[in-house]
Amino acid sequence: MDIKLYNRLKRNIILDYINTFITNLNMQNSVWVLYLAYCGLSLAEIGIVEGIYHITSIIFEIPSGAIADLLGRKKSMVTGRFCIAISCIIMLFAKDFWFFALSFVIQSLGNNFNSGSEEALIYDSMKYTRQEQDYIHVCGRRNVIIEVSQGISTVAGAVLAEISYFWCYSACLLIAVSAAIQVLFITEAPYTENKEEARRLSVIETVKLHFKTSYGILKSDIRILKIIFYYNVVFAAHTLLFFYSQQYYKELGYNKIQTGFILLLAGAASCAGAMFSDRLYKKYGRKLILTAVFCISSAFLCYGTGSFILAVVSFVAAGFCVSLLYPVQSDGLNMLIPSGQRATLVSVDSLFFSAAMVVMFPLAGRAADIYGLMAVFSVIGIGLIVFNVVVLLISK
């Protein structure tokens with residue numbers, strides 16, 4: 001074993017913690033719905049823009065993962081960070097629907113290049129250093145860092161946006177460039193499966209090969225497909241709740257800073273959920289997953305009442321519960337995925353999430369324009385409960 005490489009790969013975990021913190025100082029997350037509404041877009045148009053983002057993700061998710069497996073996860077991560085920077089520049093100066101859509105397309109490309117690459121690089125680093133049994137622990141810590149970083153950016157973004165949206169998106173641009181530079185210090189992790197064959201193929205041929213291989217693995221191991229489908233329906237629903245909360249609290253009469261602090265409370269709860277995920281899952285197993293999903297479903301129903309107190313309490317609880325689920329799903333997938341297709345199949349997971357968002361976000365936005373957000377949240381909450389019951393009955 002190469003000792004120098006071994007030490008550099010062990011250092012990757014710390015460097016990834018730092019990069020995770022920088023990357024998730026994404027100040028637009030708590031205000032982008034409000035910003036687009038401020039620029040004159042309806043909730044339906046906002047939903048369509050988000051749908052365009054996820055359609056782009058569906059088209060490029062697997063090819064970007066295949067390219068990462070072929071050319072290197074580090075190069076893919078750097079490319080992704082610079083795409084985010086370009087997206088921020090467009091958002092700064094965009095004035096109509098199509099420029100906003102272009103920004104979301106480039107942002108999606110950036111996230112595609114990073115999606116799967118970072119996770120695969122860290123898992124293979126730990127595999128090389130024989131630490132893969134600690135992956136769920138590392139994943140939990142990363143989620144804690146994400147929640148802390150997002151908590152800071154939520155309030156900071158709301159404060160900057162209250163002063164000027166220009167300063168908010170300027171800060172996002174600076175952070176994206178800083179994250180790209182920091183990735184350069186990470187060491188590429190070695191992986192060997194299918195690499196010799198990949199060297200003889202073009203990128204297009206490699207993409208086709210990865211599509212074929214991914215389909216074959218999904219077909220041969222139904223457990224992967226079940227994990228991907230179940231969790232991504234839940235994650236997409238919670239993402240919708242998070243983003244449309246910006247408009248929901250505005251309609252209740254709260255400003256961006258007040259909404260930012262509500263999102264911060266949810267972020268703190270999410271941080272706690274990430275910290276205790278490993279411990280609670282070992283103790284309660286499948287019961288924890290089902291309870292967490294029912295809690296998230298209940299949050300939608302509480303939003304439907306229009307009660308501020310119920311909405312905030314349930315929103316915070318949902319944040320805690322969804323963070324319990326992320327490390328469990330990630331570890332379950334990584335144990336079933338071969339290293340050579342790790343970035344690609346993790347990208348398949350993201351593709352399923354995007355597919356759910358393409359359906360849910362525009363429909364919810366259009367329905368909210370007609371019937372109001374409270375009614376839409378109530379319907380989604382009932383739908384999630386039915387979905388969870390059906391999955392529970394089928395899996396028995």
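I looked up Arg-73 and Asp-124 and found that both are buried (under 20% relative accessible area; exposed is over 50%, partly exposed in between, with a 1.4 Å probe and protein chains only). I note that the model is predicted, that local features need pLDDT of at least 70 and side-chain atom pairs pLDDT 80 or more, while totals for chains, interfaces and linings use all residues. Residues are numbered from 1 along each chain as its sequence is written, and side-chain values use heavy atoms, with hydrogens and water left out.

Arg-73 and Asp-124 form a salt bridge, with the closest N and O atoms 2.9 Å apart (a side-chain nitrogen of Lys or Arg within 4 Å of a carboxyl oxygen of Asp or Glu). Arg-73 lies in helix α4 (residues 73–93) and Asp-124 in helix α6 (residues 117–128), so the pair ties together parts 51 residues apart in sequence. I took helices as DSSP runs (H or I, at least four residues), numbered from the N terminus.

I counted three salt bridges in the structure. Another one joins Asp-16 and Arg-142 at 2.6 Å, N to O. Asp-16 and Arg-142 are both buried.

I then checked Glu-162 and Lys-256, whose side chains meet in a salt bridge at 3.7 Å, N to O. Glu-162 is partly exposed, at 38% relative accessibility.

I turned to rings and found 28 aromatic pairs (Phe, Tyr or Trp six-membered ring centres within 6.5 Å; planes under 30 degrees apart are stacked, over 60 edge-to-face, the rest tilted). Tyr-35 and Tyr-169 have ring centres 5.0 Å apart and planes at 40°, so I logged the pair as tilted.

Terms used:
Helices (H or I, at least four residues) and strands (E, at least two) are DSSP runs, numbered from the N terminus.
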